[in-house]
Amino acid sequence: MPLPKIKEVRAFVVRGGGGADYHDQGAGHWIDDHIATPMAKYPEYRQSRQSFGINVLGTLVVEIEAEDGTIGFAVTTGGEPACYIVEKHLARFLEGRDPAEYEKIWDQMYFSTQYYGRKGLVVNAISGVDLALWDLIGRLRQEPVHHLLGGAVRDELQFYATGARPDIAKQLGFIGGKLPLHHGPAEGEEGLKKNVALLADMRARCGDDFWLMYDCWMALDVNYATRLAHACHAHGLKWIEEAISPDDYWGYAELKRNVPAGMLVTTGEHEATRWGFRMLLEMDCCDIIQPDVGWCGGVTELLKISALADARGKLVVPHGSSVYSYHFVVTRHNSPFAEFLMMHPGPTEVVPMFAPQLLGEPVPVNGRIRASALDKPGFGVELNREIPLHRPYTH
Ligand SMILES: C[C@H](O)[C@H](O)[C@@H](O)[C@@H](O)C(=O)O
Ligand SMILES: [Mg+2]
């Protein structure tokens, strides 16, 4: 049965907390506390990622309203510049069309912007529209997105936690903890020793069987990453994540050859589209790819990326993006666990990732979420309309 046609696409920016590092976070939050970055070679930008503008864009909310008044929506990053792209460029490919034409809509959004897009902000904006479209389709069909993607392949999602306190994550029932790396090459041997010492301390607190990983947020070079990997091997580092620039496919291939046997190399949260991930996969850059569904092209593109990875026997463990990744992960055999970003400032408690923007966001209990908790139409969450939503452009 044909679905009601799309009446209007709207894009809003939201300032303030909620979301992760690219959204605004208050002072004293672990996610902005001396984390190693490619900007850390400049001492003035070392202590805080907000100092060099990590949160400058802010949150993007896309709403797509159908002719019967049903509204699908999604929350990601991209802020005001993404609002411009959505309203002034992408909306034309949706309005008046059947929402079920998501393949054609994606293709037109991508190829019409290819001359100034392909990655980054533009694909981020496309992702927001695509997620809102899947939410709308689910609401119109009264089905959760995971049904539309083929249905759950397991009864529950199992999570590792990203945050500064893996020891607390263990007590909270997570299967592992991913620490932010604090010191990059500019902080020399002393910084390297501090990185290893923190891991050793967490290993002592967490015991031998708990997964511990390091997230390097693109901060290192191959040499430093190789030395870090070898020094951390004795403390059971399970994987080294996003160690170098996302453009350095050759460096990742070298790092993967260099790390100790058994240690995994992971990356991809800043990669986009099937073409970007094809490079990572064909050049044998990593063991696990970590697309962010709000940045890589949305669910429509993630399905293609995942199929490429599956054919090569690689896992897809999306960057933490709450319900937007959960509905995908639960449907894929090659996504056996998921990331939960600990957005509590400590982080000593499990709190929803997108509070206050989303209402009804499921969170892990004892490190798990039942698949049945996702059984609501669309992505199963509501937009909190009490927060200030600013629509900077119309069309
Ligand atoms: C902890 C990392 O620096 C990032 O803040 C985080 O968003 C990301 O890289 C992750 O993998 O969760
Ligand atoms: Mg990461």
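Glu269 is buried, since its relative accessible area is 3%, where buried means under 20% relative accessible area, exposed over 50% and partly exposed in between, for a 1.4 Å probe and protein chains only. This is a predicted model, in which local features need pLDDT of at least 70 and side-chain atom pairs count only at pLDDT 80 or more, while totals for chains, interfaces and linings use all residues. Residues are numbered from 1 along each chain as its sequence is written, chains are lettered from A and ligands numbered from 1 in the order in which they are written, and side-chain values use heavy atoms, with hydrogens and water left out.

Glu269 belongs to the loop between strand E8 (264-267) and helix H9 (273-282); helices (H or I, at least four residues) and strands (E, at least two) are DSSP runs, numbered from the N terminus. Leaving aside residues up to four places away in sequence, Glu269 touches Asp215, Trp217, Glu241, Glu242, Gln290, Asp292, Trp295 and His319, contact being heavy atoms within 4.5 Å.

## The magnesium site

Three residues coordinate the magnesium ion (ligand 2) at 2.0 to 2.1 Å, namely Asp215 (OD), Glu241 (OE) and Glu269 (OE). Donors are N, O and S atoms within 2.8 Å of the metal (3.2 Å for Na, K and Ca), and sites may look incomplete because water is not among the atoms. Along the chain, the donors of this magnesium ion (ligand 2) follow the spacing D-x25-E-x27-E. Asp215 in strand E6 (residues 211-215) and Glu241 in strand E7 are 26 residues apart, a pair that links distant parts of the chain.

Asp215 has a relative accessible area of 11% and therefore counts as buried, and Glu241 is buried as well. Not counting residues up to four places away in sequence, the residues that Asp215 touches are Lys178, Leu179, Pro180, Leu181, Glu241 and Glu269.

In the unreviewed UniProt entry, the annotation "binding site" covers Asp215, Glu241 and Glu269; UniProt positions are given in the numbering used here, feature names are shortened, and annotations may be inferred rather than shown by experiment. These residues span 55 residues in sequence, yet no two of their C-alpha atoms are more than 11.0 Å apart, so they gather at one spot.

## Aromatic pairs around Phe337

Rings of Phe, Tyr and Trp (its six-membered ring) pair if their centres lie within 6.5 Å, and planes under 30 degrees apart count as stacked, over 60 as edge-to-face and the rest as tilted. By this rule there are 19 aromatic pairs. One of them joins Tyr160 and Phe337, whose ring centres are 6.1 Å apart with planes at 70 degrees, so the pair is edge-to-face. Because Tyr160 lies in strand E4 (residues 156-162) and Phe337 in the loop between helix H11 (323-329) and strand E11 (338-341), the pair ties together parts that are 177 residues apart in sequence.

Tyr160, at 0% relative accessibility, is buried, and Phe337 is buried with a relative accessible area of 8%. Phe337 also pairs with Trp239: the centres are 6.2 Å apart and the planes at 20 degrees, so this pair is stacked. Trp239, in strand E7 (residues 237-241), is 98 residues from Phe337 and is buried, with a relative accessible area of 0%.

## Further aromatic contacts

One aromatic cluster is formed by Trp106, Tyr110, Phe111 and Trp275. The charged end of Arg49 sits over the ring of Trp217, 4.7 Å from its centre, a description that requires NZ of Lys or CZ of Arg within 6 Å of the ring centre and within 35 degrees of the ring normal. Lys238 lies over the face of Trp211, at 4.2 Å from the ring centre.
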